[in-house]
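Subject: Structure for you to look at

Hello,

Here is the structure I said I would pass on. Please open it first, then read the notes below beside it.

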Amino acid sequence: MATFLYRVGRLAFRRRWYVALVWAAVLAAVGLGALKAPGASDDGFSMPGIEAQKAFDLMEQRFPGATADGATARVVFVAPGGEKVTATENKRAVEKAVADLADGPQVASAVDPFQAKAVSKDGSTAYASVTYKVAANDLTDASKTRLERAIDTARDSGLTVEAGGSAMDDGGGPGGVAEVIGVAIAAVVLLVTFGSLAAAGLPLLTALIGVGVSMATILTLSQALGLSTTTGTLAMMLGLAVGIDYALFVVSRYREERAKGRAPQEAAGLAVGTAGSAVVFAGLTVIIALAGLTVVGIPMLTKMGLAAAGAVVVAVLIALTLVPAFLGFWPNAVLRRRARKTGRIEDEGTRNNGGSRWARFVLRRPLPVLLLGVVGLGALAVPMTALQLGMPGDEAKSTSTTERRAYDALAEAFGPGFNGPLTVVVDAKGAADAKGDADPKGTVDPKRAAETVAQQIGRTEGVVSVSPPRFNQAGDTAVFQVVPSTSPTDEKTKDLVTTIRGERPGVESKTGATFEVTGTTALNIDISDKVQAALIPYLVVVVGLAIVLLLVVFRSLLVPLKAALGFLLSVLASLGVVVLVFQQGHGAGLLGVEQTGPIMSLMPIFLVGIVFGLAMDYEVFLVSRMREAYVHGERPDEAITSGFRHSARVVVAAALIMIAVFAGFIGESDSMIKMIGFGLACAVLFDAFVVRMAIVPAVLALLGDRAWWLPKWLDRLLPNVDVEGEALSRRQEAGQGADQGAGQGADQKAGQGTDPQADPEAGPHLAGTPGREVART
């Protein structure tokens, strides 16, 4: 592996114009494809295999023309203090607003609250339900403008008018602000780390190119592969973060090799051969974690994971090819200013620095450091035992939004459960078909069955009201709504759904018809249950594959196990902190969280998938340098110190960049984006600074030589990928330069490498280096 990548790095350095032109052509091609590609469709959020989804599908089949996942808006009218919406002037304003809403081209229906009896008992509040023919993402600007104009007109009459529902969604997302913040902080971190504008700018430039290629490719393929508008969010976030990190490691190793006296081309080849090998395997762990999202069984999550995995592949390829090519254009620009001015390069890996001092501190007291790290993360993980999963809705939004104000107004006027009604679908045809009856209407009375189901559910404790059943045109399927007494995210609502479904066998035997419970509230409950059930299999698959991969990389049994256990500890701690803030409310005000509640159902999956890949990044980059030193003859404690001397500062910089990118999302108004950003930032903080920087060296210090033990029979079975670059070291020690001479001789034959101005390696080396020139033939 190292030898192959060494050749790739040298080739990219030597053929830099070709490499740069190829990537420019790729970016232009996918960019043009993205411009010409039709807009990304929104197939809706589907979750195969759960009852709520089956009921949605049944509704679409039996009620043609009424899209089950069509956009909806609930417009709430509140009369001024002391007045009633039924007063003449107020009623006229409400009816005019409803008429304006119904006149939209994409509107399926707009229900008058006075005809539908959608008025509160005290007469202060009424609401109109607007249903659209298309999904929320397919609403035109004209439809949204008409909705807003109708609301403004009603407000002009003196009414307080607010609106909620999926039609009010503005697409969400960070809108680029978070990425700008992350890139700005990353630039500062890189500048401090490298002390060079060019060295700081190169990782940023290549990462942005990689993100551009990835996002343009996703947009180009969105229509063909059915990718939604949200698919690229994770790809952009991770592509930017790992793109900077991977380039950072290669550039850092290049500077280190230059400090040892290597010629620029040789240094680029060695950087890609060693740090590039770590990049490949670190990238593979991230790809495994993201591709493993297919185990969960959520199509949207699967597409997001695969798209993000593709972005990581692009980041790896750019780190291996475009980064050394850019180093070929500016071989000395990435060095520190002092080195460029004086011509003397200090070998920072041979003198003490903060990393080596910290390593020696841990080596002197490994057990206290280990106990402190484990106990500290364990304490932070304790709140995770109270984790409640759900899908926060309008109640979690800021009070400055009309959706939140509409939610509060309805909850106050109609009760907390009114914002999360359950939809019950009674199927008389399906039950009869299952029994083999040729004439369903002759054996099952659909009307009587629906009324019986409604009465039975209406008597269930925790149910406030049940609407009259509404039948389809064929008369074999009925739909009605059930209003719980508790809010959509309350645990009692979840218990109510379980109770209603538990009554199904008795009702079916009595009526001959079956029913299913759906609606947004039931869908969120089913999603939470399915995600919770999929979490353990997902962990087993991802962690198992990664342990095998790390076993090949480090040729050790204990190092991969230690890496996986440390990751679990950091993930549990970050989940505990998320629960502490977003569910229990401790410090919520500092982050601008106005309403606490259950944790987003997909949050544990996101944390496990993303953080596992990133944690293994730090593990590979840090421990591979220790392994490299150990393989080259250093004692275990010396190898730990060497690994930290060379890699600690770069790993810290990479972690700070990751934290900056993720923390940028905390400032967003959307509570779910805020939660994801906070959780990921905390997880990287814990894993990089507590697990990898403290627990890992402490464990390796306690294990000594045993840390690198591998049974002989397993050693023979595993392929030797040579991440440490041992073959390259032997080549250097033996003074073999056949590849260099042959490669550069070929360049001369091709008419290249003859101009010292065009080829940096043909020019003089920086003064003060041993001046190891590569032979040219």
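**Overall picture**

Of the 777 residues in the chain, 55% are buried. Please keep in mind that this is a predicted model. The chain has 27 helices and 11 strands. Among contacts with a separation of 6 or more, 80% are between residues 24 or more positions apart.

In soluble globular proteins, nonpolar side chains tend to be buried together. Here the largest nonpolar core holds 170 residues, and the members that touch the most others are Tyr246, Phe567, Phe606 and Phe662. Helix 24 (residues 671-703) supplies the largest share of this core, with 19 residues.

Leaving aside residues up to four places away in sequence, Phe567 touches Leu539, Val543, Val608, Val611, Phe612, Ala615, Met616, Asp687 and Arg692. Another core, of 29 residues, lies apart from the largest one; Val94, Val107, Phe114 and Leu139 are among its members.

Two packed helices are described by the angle between their axes and the distance between the axes.

*Helix 8 and helix 10.* The axes of helix 8 (residues 231-259) and helix 10 (residues 299-329) come within 8 Å and cross at roughly 25°. An angle under 35 degrees counts as roughly parallel, so helix 8 is roughly parallel to helix 10. Their crossing is right-handed. On the helix 8 side, the residues in contact include Leu234, Leu238, Val242, Tyr246 and Val250, and on the helix 10 side they include Met304, Ala308, Val312, Ala315 and Val323. Sorted by class, the contact of helix 8 with helix 10 has 19 nonpolar, 3 polar and 1 charged residues. Tyr246, from this contact, is also one of the residues named above for the largest core.

*Helix 1 and helix 10.* The axes of helix 1 and helix 10 come within 7 Å and cross at roughly 45°. That angle makes helix 1 oblique to helix 10. This crossing, too, is right-handed. Leu5, Val8, Gly9, Ala12 and Phe13 of helix 1 meet Leu320, Thr321, Pro324, Ala325, Leu327 and Gly328 of helix 10. The contact of helix 1 with helix 10 has 8 nonpolar and 3 polar residues, and no charged ones.

*Helix 1 and helix 9.* Helix 1 (residues 2-14) and helix 9 (residues 264-291) have axes that come within 7 Å and cross at roughly 130°. Helix 1 and helix 9 are therefore oblique to each other. Helix 1 passes helix 9 in a right-handed crossing. From helix 1, the contact takes in Ala2, Leu5, Tyr6, Gly9, Arg10, Phe13 and Arg14; from helix 9, the residues include Pro264, Glu266, Leu270, Val272, Gly276 and Val280. The residues of this contact of helix 1 with helix 9 divide into 9 nonpolar, 6 polar and 3 charged.

**One residue to check**

Which residue has a positive phi although it is not a glycine? The residue is Arg555, with a phi of about 50°. Most residues other than glycine have a negative phi, and most peptide bonds are trans. Arg555 sits in the loop between helix 20 (520-554) and helix 21 (558-583). Is Arg555 buried or exposed? With a relative accessible area of 11%, Arg555 is buried, because the cut-off for buried is under 20%.

Regards

Terms used
Residues numbered from 1 in each chain as written. Predicted model: local features only at pLDDT ≥ 70, side-chain atom pairs only at ≥ 80, totals over all residues. Heavy atoms only, no water. Axes fitted to C-alpha atoms, helices over the stretch in contact; angles between N-to-C directions. Helix = DSSP H or I, 4+ residues; strand = E, 2+ residues; numbered from the N terminus. Parallel < 35°, antiparallel > 145°, perpendicular 65-115°, else oblique. Left-handed = near helix turned anticlockwise from the far one by under 90°. Contact = heavy atoms within 4.5 Å. Nonpolar A, V, L, I, M, F, W, Y, C, P; charged D, E, K, R; others polar. Core = buried A, V, L, I, M, F, W, Y, C linked by side-chain atoms within 4.5 Å. Buried < 20%, exposed > 50% of the residue type's maximum accessible area, 1.4 Å probe, protein only.
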